[in-house]
Amino acid sequence: RHSLCAAVQQQQQPFDSSLEKPQFPGASAEFVDRLEFIQPNVISGIPVYRVMDRQGNIINPSEDPQLSKETVLNFYQKMTLLNTMDRILYESQRQGRISFYMTNYGEEGTHIGSAAALESNDLVFGQYREAGVLMYRGFPLDLFMAQCYANADDLGKGRQMPVHYGCKDLHFVTISSPLATQIPQAAGAAYALKRENMNRAVICYFGEGAASEGDAHAGFNFSATLECPLIFFCRNNGYAISTPTNEQYRGDGIAARGPGYGMLSIRVDGNDVFAVYNATKEARRRAVAENQPFLIEAMTYRIGHHSTSDDSSAYRSVDEVNYWDKQDHPISRLRHYMTARGWWSEDDERSWRNQSRKTVMEAFEKAERRLKPNPELLFTDVYQEMNPTLAKQRESLFRHIQQYKEHYPLDLYEK
Amino acid sequence: MAAAARLFIRGAHSTLAISGVGTGKQSSLFKLSAGCSSRLKAQRHVAHFTFQPDPPTTEYGATQKMNLFQSITSALDNTLASDPTAVIFGEDVAFGGVFRCTVGLRDKYGKDRVFNTPLCEQGIVGFGIGAATAGATAIAEIQFADYIFPAFDQIVNEAAKYRYRSGNLFDCGNLTIRAPWGCVGHGSLYHSQSPEAYFVHCPGIKVVIPRSPLQAKGLLLSCIADNNPCLFFEPKILYRAAVEQVPVDSYTIPLSQAEVLQEGSDLTLVAWGTQVRDVASDTSRSVSPEHFRSMLNFSLVHVFQSVARTGRLLISHEAPVTGGFAAEISSTVQEECFLNLEAPIARVCGYDTPFPHIFEPFYIPDKWKCFDAIKRMINY
């Protein structure tokens, strides 16, 4: 027995454990022999990419997208037209003319910069504060108003609350109220478009609050594992209604989550329309070329209230809001850029403001005069086809209205 | 609401004047002899029924012997072959699925068309909605109907409302969601549920539950072809137990057409999915079985006609009785057939408890409970 043990000992090689590598299927990494927790870096987090300073000066000329005067003027006009429409529609809700509204104050740069960087047939999934994307693509004021007034011209047939826009021709999927539901949907749509192989991308907008939803995690993970040509665009505007970001997350914002999913990520100055443009443009190019998702976190500030049902003075100071309105606003920054090049004068500003206000008011008055859709449309599109049960319910309603017509506002609706 | 359930009441063969209730697997239980009850004392894991296949048909072309999961595979195979946009996805579908419904499809059609997703039902359904909206035929698998609830928001708030809320600009009619459904003998709380009632309450989706391989393939193909989002619940206990001749080629069975299997004059019996096990053995009565393919309300017309004739209705489902779909049928039938009713409508359903493990033989609405309910109705 002694000789057997000796023989065994002789056969044992000297063992160098540092040569061992982890073989786990779940991760590819090296071994480490010191106990140390990885520190989440929230003090100096992911840096914010910008092209212009707050005065509209280009910082690094090689990052200047060098867009034409015509393009830049269009950016500016779309941002300001959106702003004008917001003011008028917000006011109209206060006056009881429409039931509800959400403004986009302070975030115009995120809409226009990103929309401009896409192809016109890229599919857009939004949350609810992206009206500028639709405006940039050419959605007419009449139809914005029609949706808010839920009149007979509304493409959505009057079924949803204001600002729940949608437009098939402009590839803007109809907005829904539940938050973040669009995120995994965007991944699925991108997968389908990838298979179609027609060089189309998907962009999915959401706020930093919606990013807390399970659907956001689902969408990020699916898009990365299934290799989808998709841009996730997070508008981090500091608040989810009254909830500030330090109550929404404890990590380094949304951009820091991207790498956790294996996703290329960037944080940009959302109030710098050129930074937004550059990041979106490059993300779009690579998403389609490489079939992988990109995460853009656009830092910005929600200057307005969450909606007409909110008074944000209840949870933040007027001074804070004024800072962003006066000192760091995407519209002012672009105007400085334009005036520095002699592309825009005080007269241009005055006449454009007047003209845009006039066109908004015309659309507004027209929308207000228009009748609401026929109540028959209460019952259609539940399924592609009508079914007998629903038809019976519809007949029952119409019989009822015939008998009790004085109690129903029939004059407001198309016959 | 539009739910499509496969209600099936099967005619008995032989001498019984009573037609079978429920799925074909019932029929052998019609012989309620001592031999039959000794079969009931069988060991655990043996199904409490024997599936009785439909007689072979050439209505849809050449057939092949298939069990339920094979008939599903066949439907999916036909779909992938004919529709280049079709994709199948969910947990574990790539290797063939935990119930073998997708065996062979990835090898045959490619990994971009049959693929695993991360373990996330809300993601699976959300992804499916988006793919369908973008034009693909999206067939999502949820591993067990018990796990469909993380996707409830996507199904109810999104899929069901996509067309309506957009004014018909957008829809996800190309979406079909499949999930194994119903009791299996040992599934307990989380592998036995029948959640159809939650979904039939939601306008905008269709809910379909087949009773047999032949029905399953035709109904699944109808769901896939249907331009509305559909939930297709597959009775898991039938995956291997139900075997019959199933057409090899594509065919559809209408989702919203009822089928009267056998005319009777004394009693109307309604059930869906696996719940056809129970049949009265009262040989002096004749029973009218209603065979529903779909739970769409308007197919209740045939129930009304039957109840107007028989005056008695029994509805049976595994799901808990309170708020179950039998309540909806019962309420509608009493509205339409009040004066025809000879007895209160009977519901023989699961109890208002979670689905138990060791107590399953006592929980399920078995044939003896149906038999007893029928006796009480006849003697009312």
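Modeller: In chain B, 80% of the contacts between residues at least 6 apart in sequence join residues at least 24 apart, where a contact means heavy atoms within 4.5 Å. This is a predicted model, in which local features need pLDDT of at least 70, side-chain atom pairs count only at pLDDT 80 or more, and totals for chains, interfaces and linings use all residues. Residues are numbered from 1 along each chain as its sequence is written, chains are lettered from A and ligands numbered from 1 in the order in which they are written, and side-chain values use heavy atoms, with hydrogens and water left out.

Colleague: What percentage of such contacts in chain A join residues at least 24 apart?
Modeller: In chain A, the figure is 73%, again among contacts between residues at least 6 apart in sequence.

Colleague: How many helices and strands does chain B have?
Modeller: Chain B has 13 helices and 13 strands. These are DSSP runs numbered from the N terminus, with helices (H or I) of at least four residues and strands (E) of at least two.

Colleague: And how many are there in chain A?
Modeller: Chain A contains 12 helices and 8 strands.

Colleague: What part of chain B is buried?
Modeller: Of the 380 residues in chain B, 64% are buried. Buried means under 20% relative accessible area, exposed over 50%, and partly exposed in between, with a 1.4 Å probe and protein chains only. For chain A, buried residues make up 50% of 415.

Colleague: Which residues of helix H10 in chain B are buried?
Modeller: Helix H10 of chain B covers residues 300-310, and its buried residues are Leu300(B), Val303(B), Phe304(B), Ser306(B), Val307(B) and Thr310(B). As background, an α-helix has 3.6 residues a turn, so residues three or four places apart point the same way.

Colleague: What follows that helix?
Modeller: Gly311(B) follows H10(B), and its phi is positive, near 80°.

Colleague: Changing topic, how is chain A divided into domains?
Modeller: Chain A has domain 1 at 61-369 and domain 2 at 375-412, with bounds from an automatic or database domain assignment. The C-alpha centres of these two domains of chain A lie 36 Å apart.

Colleague: What does UniProt place at residues 77-376 of chain A?
Modeller: An unreviewed UniProt entry places the feature "domain: Dehydrogenase E1 component" there; positions follow the numbering used here, feature names are shortened, and annotations may be inferred rather than shown by experiment. Over residues 77-376, chain A is 44% helix and 11% strand.
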